[in-house]
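Good morning, and thank you for coming.

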Amino acid sequence: MLKKTITYTDYNDEERTEDFFFNLNESELAEMQLTTEGGFKEKLERIVHAKDQAAIIKAFKEVILAAYGEKSDDGRRFCKSKEISEGFAATPAYNILFMELATNEEKASAFINAIIPKVKG
């Protein structure tokens, strides 16, 4: 799980600093892989290899919103839904994160590596 602290100016022109949480578990990755024609990983590799900027941006948005959730205070649940993702996408914090990842390969790679499950064993 990645906790990302983002400082942004909200729509009331007030500066805020908040923690946002991102995670993809093994079942979510399997679902993404199995429900994408040719596999999600392979899709990403094709997009990157083709240097298709529009498709790369679309894939980043998909991954960010799929990984975003709200962690329960007791740490037992990581809640995700379309409404939760859309709510995050409507914030200036999403814009800041998206632009950071879309314009910096190192940060994008670090983000992806931080949200995927660690291999155990």
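I begin with a term: a residue is called buried when its relative accessible area is under 20%, exposed when it is over 50%, and partly exposed in between, using a 1.4 Å probe and protein chains only. By that rule Tyr94, with a relative accessible area of 10%, is buried. Phe98 also counts as buried, at 13% relative accessibility.

A word on the source. This is a predicted model, in which local features need pLDDT of at least 70 and side-chain atom pairs count only at pLDDT 80 or more, while totals for chains, interfaces and linings use all residues. Residues are numbered from 1 along each chain as its sequence is written, and side-chain values use heavy atoms, with hydrogens and water left out.

Let me turn to the sheet. Helices (H or I, at least four residues) and strands (E, at least two) are DSSP runs, numbered from the N terminus. Two strands pair if DSSP finds at least two bridges between them. In which order do the strands of the open sheet lie? The four strands follow the order S1-S2-S3-S4, with antiparallel pairing. S1 and S4 are the edge strands, each pairing on one side only.

Eight bridges connect S1 with S2, and Thr9 has Glu15 in S2 as its bridge partner. S2 is joined to strand S3, residues 68-71, by two bridges; here Phe21 is partnered by Gly69 in S3. Two bridges also pair S3 with strand S4, residues 78-79, where Glu70 stands opposite Cys79. S3 and S4 make a hairpin with six residues between them, and Gly75 in the turn has a positive phi of about 75°.

For the angles, axes are lines fitted to C-alpha atoms, for helices over the stretch in contact, and angles run from 0 to 180 degrees between N-to-C directions. Contact means heavy atoms within 4.5 Å. H3 packs on the sheet and touches S2, S3 and S4, its direction making about 15° with that of S3. H4 lies across S2, S3 and S4 and runs at about 105° to S3.

Next, the core. A nonpolar core is a set of buried Ala, Val, Leu, Ile, Met, Phe, Trp, Tyr and Cys residues joined through side-chain atoms within 4.5 Å. The largest one has 29 residues, and those touching the most other members include Phe22, Phe88 and Ile115. H3 gives the most to this core, with eight residues. Leaving aside residues up to four places away in sequence, Ile115 touches Leu2, Phe22, Asn23, Leu24, Val63 and Ala67.

Finally, the aromatic rings. Rings of Phe, Tyr and Trp (its six-membered ring) pair if their centres lie within 6.5 Å; planes under 30 degrees apart count as stacked, over 60 as edge-to-face and the rest as tilted. The structure holds nine such pairs. Why is the pair of Phe22 and Phe88 edge-to-face? Because the planes of the two rings stand at 70°, with the centres 5.7 Å apart. This pair links distant parts of the chain, 66 residues apart: Phe22 is in strand S2, Phe88 in helix H4. Both residues are buried.

Tyr94 and Phe98 form a tilted pair, at 5.7 Å centre to centre and 35° between the planes. They both lie in helix H5, four residues apart, about one turn of the helix. Phe22, Phe88, Tyr94 and Phe98 are among the members of one aromatic cluster. Thank you.
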